[in-house]
Amino acid sequence: MSGGRPMVEKENTMSGILPNYPHPHHHHLVLIHGIGHGAWCWYKIRCLMEASGYKVTCLDLKGAGVDQSDPNTVLTFQDYNQPLTDFLSSLPGNEKVILVGHSAGGMSLTDAMHRFASKIHMAIYVAATMLEHGFSTHRDIIDGEPDLSAFGNVNKFIYGLGVDQPPTSVIIKENFHHQILYQMSPIEDVTLASMLLRPGPVMALKGARFQGNEDAADCVPRVYIKTLDDHVLKLEQQDAMIKRWPPSQVFVLQSDHSPFFSTPILLFAEAEPVLRSLKVARANRYNRIIIESNSFVRLPPHSPPLNGAGVPVLNQAARMAIRGCAISPGQLRLLPH
């Protein structure tokens, strides 16, 4: 999908606009913040989701939010993402969650998909870095690393290992917060963020590399929500990442980099129909297979050949993909184009 809904944010009390119904499937959403932020940044979205019957967990990554770690001591991405790793490791074997990541939080989602695919229903990237293997190539840096040079000298770097070493953390200078991060957001939220933002472990993020079960990771459906007026992750960067690693669905918001502040109701309105749907398409890069309701669908323009029993005949790459999803070829079926 593309294109946002023609809605207008209403200035009203939350009680007057929040839907009030129990969610029939009780999905559990885990919200992951971007660099410098914390679980606190999701407070509006959490209210909307919980009022609609969802279970919501907002995590602080290491050195962020109320976590007491010094971000200058968080030197690897594995260390930074440990709170999410611990959370997913502690889930019961039969429980799955929906991950939502903002900005650099998208890296946390991708890491989790490589290692915990069986515990993830879906991953939703909100103005987020979506790189299949992290910062592994120069192209990854161009597409996924924010370039704020157009605004001048906006970053304050901290050199926890010494001035002769790369910076260990970074924070945008306070006088640039509104212009860069929150130019469409209410001034109250800008003030709140300025009081709560912390330096983020830039060394850890730059060193993010993802390895694991790629077939399993591709079995997790991904949704990308683009932000059209983003000054941090430019629209062309978002489009480049979407083109290189196509998600199942793409939505568009007329928002700054922080839609959880600037357009929370529209953000929820885009995500909620996807969350409520039982038949979520799972995109797989092998032969453009789509897994839906425990079956596979081959997308046009070609259909796979059938054997004598009417079961699609797949090549080796496709067979490897479905094994990663714990589904047998006998469960495959074709849907009309």
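G101 stands opposite Y125 in strand 4. Strand 3 (residues 97-102) and strand 4 (residues 120-126) pair in the parallel sense over six bridges; two strands pair if DSSP finds at least two bridges between them. Helices (H or I, at least four residues) and strands (E, at least two) are DSSP runs, numbered from the N terminus. This is a predicted model: local features need pLDDT of at least 70, side-chain atom pairs count only at pLDDT 80 or more, and totals for chains, interfaces and linings use all residues. Residues are numbered from 1 along each chain as its sequence is written, and side-chain values use heavy atoms, without hydrogens and water.

- Six strands make up an open sheet with parallel pairing, in the order 2-1-3-4-7-8.
- Strand 2 (55-59) and strand 8 (249-253) stand at the edges. Each has a single partner strand, so one side of each lacks a neighbour in the sheet.
- From one strand to the next, the twist averages 20°.

**Helices on the sheet**
- Helix 2 (residues 43-51) lies across strand 1 (28-32) and strand 2. Helix 2 runs at about 160° to strand 2. Axes are lines fitted to C-alpha atoms, for helices over the stretch in contact, and angles run from 0 to 180 degrees between N-to-C directions.
- Helix 13 (residues 264-276) packs on the sheet and touches strand 1, strand 3, strand 4, strand 7 (222-227) and strand 8. Its direction makes about 160° with that of strand 8. Contact means heavy atoms within 4.5 Å.

**Helix 4 against helix 5**
- The axes of helix 4 (residues 82-90) and helix 5 (residues 105-116) come within 10 Å and cross at roughly 35°.
- Helix 4 contributes L84, T85, L88 and S89 to the contact; helix 5 contributes S108, D111, A112, R115 and F116.
- By class, this contact has four nonpolar, three polar and two charged residues. Ala, Val, Leu, Ile, Met, Phe, Trp, Tyr, Cys and Pro count as nonpolar, Asp, Glu, Lys and Arg as charged, and the others, Gly among them, as polar.

**Cysteines**
- The count of disulfides is zero (a disulfide is a pair of cysteine sulfur atoms within 2.5 Å).
- C47 is in no disulfide; its nearest cysteine sulfur, that of C58, is 9.6 Å away. C47 is partly exposed at 42% relative accessibility.
- C58 is in no disulfide either; its nearest cysteine sulfur, that of C41, is 7.8 Å away. C58 is buried at 17% relative accessibility.
- Buried means under 20% relative accessible area, exposed over 50%, and partly exposed in between (1.4 Å probe, protein chains only).
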